[in-house]
Structure formats: structure tokens, C-alpha cells
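Welcome! Keep the structure open beside you as you go.

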Amino acid sequence: MIETIARALEKREYTTLTQVQVAVTDAELEDKDLLVSAQTGSGKTVGFGLAIAPTLLGEDEKFGRAASPLALVVAPTRELALQVKRELDWLYAFAGATVVSTVGGMDMRTEKRALERGAHVVVATPGRLVDHIKRGSLDMSDIRAVVLDEADEMLDLGFREDLEFILGEAPEDRRTLMFSATVPKMIAKLAESYQKPDAVRLQTAAEKAQHSDIDYRAMLVAGNDPENAIINVLRYYEAQNAIVFCNTRATVNRLTARFSNRGFQVVALSGELSQNERTHALQAMRDGRARVCVATDVAARGIDLPNLELVVHAELPNNGETLLHRSGRTGRAGRKGVSALIVPQRFSKKAERLLQFAKVQAEWGGAPTADEVLAKDEERMFSDPVFTQDVAADETDFVTKLAATFTPEQIAAAYLRLYRSRQTAPEELAAPGKREERKPRQEFGPSQWYSISVGRNDRAEPRWLLPMLCRMGDISKDDIGAIRVQETETFVEIKQSSVDGFVKALGPDMALEEGAKLTKLDKVPEMSRPQRFEKPSGGRPDRGPRKEGGGKPRYDKGPMASNRRKPLEDRSDHHSDDPRKAPKPKKEWKDKKPKHDPDTVADFKPKGKPAGKPKPKYGDKPKYEGKPGGKPKGKPDYKSDKPKGAKPGGKPAAKPAAKPRPANMSDPSQSLRPRGKGKPFKGKGGDARPKRSGPKR
């Protein structure tokens, strides 16, 4: 191993390397392309930093002057990219490397100036890296290694085209290292296309079994208690750092507001926040100013928080891979952690499938109850080292005075109250699978009825009468019983014990707002139910008198509507009382005259034709009577087959030549119709009328 890199590891107290780090630093793989699949939190960042160090440094111990980048590290999210930059900063610190980050949300001009000054390693997100390459602010000619961190996540987020563009712009003799928690078909295809034929696939043992440092717990809760269960989980473990994962931004905002109101030091991490806000949120977690982070999957992808001991799945993830990525935020670098799944009862089968697909074993049980949380508080209080410390010299006088003033029981009770006041109270949880029974309504007791001089006709409603009575009568809503709105008045029930104060507050006039007055009743009023009318579904309603015996008003849809209520034998008259809708009377049958015999010409008298002569068929030659060669008088009743203009006994006149057919019949200019004759052309072109210039009516 390079001496400067070994010094950096020693300073960070790295005594042993993880399985991934040992595998990628094999001397036989120094010039090979790698496809590494390893569990989240197995030290992949330091692993690929060690893997590309010989490629970047060669036989040197330190980097030379910063110029064009030698390596590219591509990460899916801004937080992961900045985290990778921090890891490489300390790993290459003694080697004198300049590491520059280019991520979305930052000032691009600042990044451009940093690249112009020179860099050895560039850590970037796909979209921003593509922008720098296309604008010419990033020189790719000296790239020796390209690392794709969380490659599967980048493909899931839709960065496939960007990755292909980046790999296509890099030199062909580069090294390509892909690190991913899983290796689906898309990752394998991408590796086959852009890695060398002799690329090596590495699979660590951590992928085959669940992480030994993470304790998975599935907590079954009632359907309305998930948020209360999360509060109890946070209170039970009191982790130094905890992440609560949600599926949507709306859930992140709701839980953040509720946890803040309950006294938790909480920050939010979602895609709707700016890069500056997200950076401040993570820094607050690292500094200890916040202890709970509520985040979505994408926003918290790949982040590494120190002392992260608890991961809570407020909502179940969509697949087993997301479950592993979420849980991998804890149990890192040999530290222990807990991954708690909040499972409503209706989602128990889904939780079982998720755990099965993720190949992890979880301990099933319920969420911590309020008593268990308080018992855990007592345990932490007794184990507090403050009880074992000696009394300091500057504390002796006050301790003596305190012990002389109060009894030991009083001092212990005061300390217990102060200790509990710093913590939020735990929640009472319902047993899963059992619904809470609704408490029966208590009897109102003795009461006095009053009448208000406004009713339904005045648009009176209980929702504005109730606050008005409470305000004007100086009573609470518990002192008011039933409120019954009638047509012209409203009856209200007041508790007997509150009547005196109610009457005194109203005064002798018993007047309310807007001219409404109150009248005391001697007995319980008789209240009528409001008439309910059905909404007509069509036609016009029946406006005639109602049937005897009451019932709802009837609405007819048409002539057949009334017949649906009649017996089968009475459905012959399909008309209503409206004379306009009455059916027309049927015509009486009359014997028609028989058709004439075509052979009998005498009986055939066509209309408008002389009697006795049948109408000749079309095309029959006329039979001329009279002198031979003569011409019949008058116009015949048929059209002759002779062309017009023919002379008797001569040759028929020649037919006029047909006009040529225009090439384009849709062109008005080639129309056969003569211009300027007949009605004006109303089409879209040609002699169209001019459009009116005024506004359209």
C-alpha cells in the first residue's frame, strides 16, 4: 500500500479493512475494471479510494500540480457526492490531492473557477457533470479512472443517458469501477457496454446474509397509532442520532411538525429543500444540535451520519432493496444499530414479503408501550454517572444546605420531576387488532327548553347558533343539549344548572344577535321533521295535489314513469294528464280502391293528361298521326331523343366539344363555373366575400 495512504488510514484509526476494501485492493486487480456488489455501509467509499490510488499516483507518493482531472467519481445525490468528497479529502490528504465537487444546487460559476484552477479528483452528480462537459469547463482528456457509486440508484433515478454520455466522453483506456448494492440486468448491461472484456465481478459475503450489526425489529401497531408508535420508539431508544424514513414529502412535513411540537430536536430532509437547507440540516445532525432527521428515500440516499443508532421506517418501503438501503444508514464501521419497521396490522403481509425479499430476519413484536418507556427512563436515570461522582468543593455548601432543608424523599421527588420534564411524555397505544369501543353518550340530565325566533326560513343553522349562545349566554357547549331547527323558530335545550347564569348574561330582553329573541317554554316542544324531497332525475315534477295518505312527492320522467306503479293490466294508457302529450287517435281502416288493370286504357285517367292515351315509356319513338312527313301540333308529353338543333330530314347538328377537366378541382380558379354569373362564390378562396373588420358579435 502507498505510504501516504497508509498514514491517512492510521490517523483515522483504521486497524482492519472490511471485506470490500480487502477485495478491491488485491494487487492482481490494479489495472482491471471492477463490478463490485456489496451491502450498504460496508466501506465502499474508502474501498474505491484505495482501488484507484495506484492508478492515479503510479509509483509516486504524492500528486503533482493540479491540472486536468485524473479521476471522476459519480454519485446519485448531492448529499452522497459531498460525503464522498469528505472521505477522499482525508484519505488523500497526505498525498496532496485536490478534490473538487460539482453538484446540482450549487453556484456553477464557482465550480467552473475551481475546475480552471485545477483538480486531481472530481466528485459530481450526473446532471451537473454533463453540463460542465458540454460547456467545455471540464477537460476529460487526462481521465484515468471513472467510478460509479450507487450505480443501481442512478439508473433508478433516470440517469442512464447521462451515464452513457459521461462514459462515452472519457478516454477508452481508462479504468471503470462500478459499485452497487445489487446488480440487476440494467447494471450488468451497462458494465458489458462500457467496461473492458476482462472486467472482474466481485461479490462480498455481506451480500449473501443480512448485516450482523443491524437488529431488525417489526413492530405491529393498530391502524391509527403509527405516529404515536414512532414517538414511543424514539423515546425508548433515545438514540444519539436517528432517521425516520417516509415515502412522500407531505409525510415528512407532517411528522417534522409533530415531532417539533413534542420537544424533539428534529430536522427535515426532502427534495423540496434547497441545497443550502439540506446541508445545514445534515450539519445540525453532525454537530448534535439535532437528534432526529425525517427524510425521504432519495434525499437520504448514501448519507453517513456519525453515531446513527436508530432507523425508523414510518412507512413501509416499496421493495426489499430500499429496505436494505434505509437500514444501511446504521450499523456502519462496526457500530451497532436498530432498524424498526412500524407495521400497521393491515400491512403485516406486505412487511413479511419485504423481509423475505430482503433476506433478513426480523424480531416481531409490538411497539414500546408508555410503561416500558418510563421503565427505560428509570434505568437510564439510575445508570447516569452523576450519582457516582464525588461532591466538588464548590458544591459542598449548597449540598449541605439542601440536605438540611428538605427530606431525602423530597429531594428525590424533585430530581425525578426535573428529569422527566426534559423528556416528552410517551403515548398510550391501543392493542393491535382491537378497536377501541366508543364511549356511550352520557345523559344530559334536567334541562330547560327555549325557543329562538329564527328558523329554517331565516337560514338558521346549529353551527352558528351554538357559538352565539355560548358567547352571549356565557356558557360552554357542554351546557347546551339538543338544537332543533324548525321552519320559523328553533328549539334549544339548556342544562338546568346553567339556566340562571344563562338568563342573567342575556339580560331581561333575552335578545341575541341580529334581532333574534329567546322565549322560555313551559314544556318540551313538539317538533316536526323537515320534509325531504327527492331530487328529480329528469322530466318535470308532478305539481298537482299529493296523493291521499301522504308519501313523498312524485316525479315523472315521462309517460312511462306513472305506469311503473300500476298493475300490469292497467298499463294500457301510456299517456299523462297533459293533453299535449296524449297520443294521436288511430285512423279508421278504409277499403282502398283496387288498382286499375293496365290492359284497360279507358279507365286509366292520369292526372293532367288527356284521357284515353297511356303515357309512353321513356325512349319510345313517337307515333305521328296525320299527313305523312307532317309535324304534330303542340309540344309532345315526352322528351325526344333527337338532339337540339336538328332539322327535319337533315343531318343532326354536331354536339359541342366538352370543356377540358381542370387539373385541380379544389382550385377555385379552375372552376368550370363562369365568373361573375349567378350567385357569388362562398368557398374559402376565389370570389369569397370580404371579411367583416368590426368586432365579432
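A polar contact is a pair of N or O atoms within 3.5 Å; within protein, one atom must be able to donate a hydrogen and the other to accept it, and residues adjacent in sequence count only if both atoms are side-chain atoms. Helices (H or I, at least four residues) and strands (E, at least two) are DSSP runs, numbered from the N terminus. This is a predicted model, in which local features need pLDDT of at least 70 and side-chain atom pairs count only at pLDDT 80 or more, while totals for chains, interfaces and linings use all residues. Residues are numbered from 1 along each chain as its sequence is written, and side-chain values use heavy atoms, with hydrogens and water left out.

**Exercise 1.** Describe helix H4, from its start to its surroundings.

*Solution.* Step one: look at the start of H4, where a side-chain oxygen of Thr77 comes to within 3.3 Å of the backbone nitrogen of Leu80. Step two: check the length. H4 covers residues 78-91, and its 14 residues reach 20 Å from first C-alpha to last, close to the 20 Å expected at 1.5 Å a residue. That expected span is 1.5 Å times one less than the number of residues. Step three: look for buried residues (under 20% relative accessible area; exposed is over 50%, partly exposed in between, with a 1.4 Å probe and protein chains only). In H4, 11 of the 14 residues are buried, so the helix is largely enclosed by the rest of the structure. Among them are Arg78, Glu79, Trp90 and Leu91.

**Exercise 2.** Work out how helix H8 packs against H9, and how H6 packs against H8.

*Solution.* Two packed helices are described by the angle between their axes and the distance between the axes. Axes are lines fitted to C-alpha atoms, for helices over the stretch in contact, and angles run from 0 to 180 degrees between N-to-C directions. Angles under 35 degrees count as roughly parallel, over 145 as roughly antiparallel, 65 to 115 as roughly perpendicular and the rest as oblique.

Step one: H8 (residues 160-169) and H9 (residues 185-194) pack at about 20°, with axes 11 Å apart. The pair is therefore roughly parallel. Contact (heavy atoms within 4.5 Å) involves residues including Leu163 and Leu167 of H8 and Met186 and Tyr194 of H9.

Step two: the axes of H6 (residues 126-135) and H8 come within 9 Å and cross at roughly 45°. That makes H6 oblique to H8. Residues in this contact include Val130 and Ile133 of H6, together with Phe165 and Ile166 of H8.

**Exercise 3.** Is Cys246 buried or exposed, and which residues does it touch?

*Solution.* Step one: find Cys246 in strand E9 (residues 241-246). Step two: Cys246 is buried, with a relative accessible area of 0%. Step three: not counting residues up to four places away in sequence, Cys246 touches residues including Val252, Leu255, Val294 and Arg326. Step four: Leu316 is 70 residues from Cys246 in sequence, and their C-alpha atoms are 8.1 Å apart.
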